[in-house]
Amino acid sequence: MTPVLIFEELRFPLELFAAMLIFLVPFAEKKPRFLQRISLCMALCCLLAISYFPIFQSKDAPRFPNLLAFWYVLIPFAVLCCAKVCFDTGWCNVLFLLILAFATQIIVYVVLHETIARALFPSLREHLVLYILSAALCCLLVYLPVWKVFRRPLHLADHTLFEDDAGSIVFYLLLFALTIVSIFYCQNTFSKNLKSGDLSITLVELSFSIFILIIEYSLLRSRSLLLQNALLEQTLRSSDRYYEMSRQTVEIINRKCHDLKHQLKALQMASDDEREAYIQKAQKDILFYQNLVHSDNQVINTILAEKGLFCEEKNISLSCSVNHVNIDFIHVTDLYAMLGNAIDNAIEYVSQFDDEKMRVISFSIAGARDSVSIQVINPYEGPDLTTAEGAGFLPKTTKKDTANHGFGLSSIRYVAEKYHGHMEISTADHLFTLQVLIPIGS
């Protein structure tokens, strides 16, 4: 057991773990205490890798040659479990990304460890520090372009590619097993032909790995587009709900105008006390409307006026605070969709309370350093979703029609991430807090 042999055993889990990270970071939410989790997982994977020597003893003549293939299958599955420990995503998603990571890591292995270090420049293995630096550089040159290609479609996938079910998990397990068997078969053939100087198998192995990347990229793009189309379709369906709320708002205004006409007639014959009471009520209604419209942004004014009238009709207290902050960089449709969904979700939730003290909503927009903060808070009764699932968790819709509902929070998060921001949810202290942070001018 030499330092070079130890490094060559360690490089497999470390390179595979790094490859997993370039796909998981732009795709999945990190779990709480992420740094502690990932540090522990990497340490365990390294410990597993170097336990090769007490188990098999020799590289040239291993003690249990029939178990050697299973040993190198065990390490990818250890990385798979580590990914589940560190990131909040499903098994099918992790398996799909593990196949990507394995194909990417194999490119580094073939180019550096087999072609350069063993065939072309064997003396490289005599200089451990240079060998390690060469491995790091090769990983950078391979992983960076792969990350740039896959980052965008993974980001647009909105944290979900495939739902976990028995059939899908078995399918991706078989696909991963097929990938491992094919790669190991190529490596075995490669090692047999290496002495004769026949490096053509290198091209076969590289071609196979690149083929896997292309196939999974195509699947990823198709899935991302499917999810975006579903979101767009749901947004179009939601136009019926917006129309209904707008129609009800117009009815409220028409009814108030109708009442005003009769009240003006009644005022002519009313007593001084009745006339004073009416004036005070009218002033209260006017003050309510004026208190909602205090922004330089017409979209915000429109939304607050519409939602404010609707809340007044439903006996919901809507308090608003909009500081002077420039959000003109957010497109009108995106801003309307984000704010409209946020307030509508709060209205829908508090409407179920019989106690009027619980029927309150707080809405605020403020500048926070170089970002704009949008926050909606309403009373909440239920399990603490923050501690149970993490701040990035999206609670499922409570409606029976799950196909046509449950896209509100996803739409808000999609718009936030479109402008390089993020959305957080908290349910601490019996308050449902929705906060969106977007860099100003993004």
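Mentor: Helix α10 passes helix α11 in a right-handed crossing. A crossing is left-handed if the near helix is turned anticlockwise from the far one by less than a right angle, and right-handed if clockwise. Please note that this is a predicted model, in which local features need pLDDT of at least 70 and side-chain atom pairs count only at pLDDT 80 or more, while totals for chains, interfaces and linings use all residues. Residues are numbered from 1 along each chain as its sequence is written, and side-chain values use heavy atoms, with hydrogens and water left out.

Trainee: At what angle do α10 and α11 pack, and how far apart are their axes?

Mentor: The angle between α10 (residues 298–313) and α11 (residues 332–350) is about 20°, and their axes are 10 Å apart. Axes are lines fitted to C-alpha atoms, for helices over the stretch in contact, and angles run from 0 to 180 degrees between N-to-C directions. The two helices, α10 and α11, are therefore roughly parallel to each other. Angles under 35 degrees count as roughly parallel, over 145 as roughly antiparallel, 65 to 115 as roughly perpendicular and the rest as oblique.

Trainee: Which residues of α10 and α11 meet?

Mentor: From α10, those in contact include Ile300, Ile303, Leu304 and Phe310, and the α11 residues they meet include Leu335, Leu339 and Ile343. Contact means heavy atoms within 4.5 Å. By class, the contact of α10 with α11 has 12 nonpolar, one polar and three charged residues. Here Ala, Val, Leu, Ile, Met, Phe, Trp, Tyr, Cys and Pro count as nonpolar, Asp, Glu, Lys and Arg as charged, and the others, Gly among them, as polar.

Trainee: How do the axes of α11 and α13 cross?

Mentor: The axes of α11 and α13 (residues 408–418) come within 9 Å and cross at roughly 145°, and that crossing is left-handed. Among the residues in contact are Met338 and Ala342 of α11 and Leu409, Ile412 and Val415 of α13. The contact of α11 with α13 divides into five nonpolar, four polar and two charged residues.

Trainee: And what is the geometry of α1 and α5?

Mentor: The axes of α1 and α5 come within 8 Å and cross at roughly 140°, so the two helices are oblique to each other. Their crossing is right-handed. Phe12, Leu16, Met20 and Phe23 are among the α1 residues in this contact, and Leu97, Ala101 and Phe102 are among those of α5. By class, the contact of α1 with α5 has 15 nonpolar, three polar and four charged residues.

Trainee: Changing topic, which residues touch the most other members of the largest nonpolar core?

Mentor: They are Met20, Phe23, Phe96, Leu97, Phe102 and Phe150, in a core of 69 residues. A nonpolar core is a set of buried Ala, Val, Leu, Ile, Met, Phe, Trp, Tyr and Cys residues joined through side-chain atoms within 4.5 Å. Buried means under 20% relative accessible area, exposed over 50%, and partly exposed in between (1.4 Å probe, protein chains only). Helices that each supply at least two residues of this core include α1 (3–24), α5 (91–120) and α8 (200–267). Helix α5 gives the most to this core, with 18 residues. Apart from this core lies another, of 40 residues, among them Cys320, Leu339, Ile412 and Ile438.

Trainee: How many helices and strands are there in the protein?

Mentor: There are 13 helices and seven strands. Helices (H or I, at least four residues) and strands (E, at least two) are DSSP runs, numbered from the N terminus. Buried residues make up 42% of the 442 residues in the protein.

Trainee: Is Glu9 buried or exposed?

Mentor: Glu9 has 2% relative accessibility, so it counts as buried. Glu9 is found in helix α1. Leaving aside neighbours within four places in sequence, Glu9 is in contact with Ala49, Tyr52, Phe53, Lys59, Trp71 and Tyr72.

Trainee: What about the phi values of Asn315 and Asp429?

Mentor: Phi of Asn315 is near 60°, a positive value in a residue other than glycine. Asn315 is found in the loop between α10 and β3 (317–322), and at 46% relative accessibility Asn315 counts as partly exposed. Asp429 also has a positive phi, of about 60°, although it is not a glycine. Asp429 lies in the loop between β6 (422–426) and β7 (431–439) and is exposed, with a relative accessible area of 70%.
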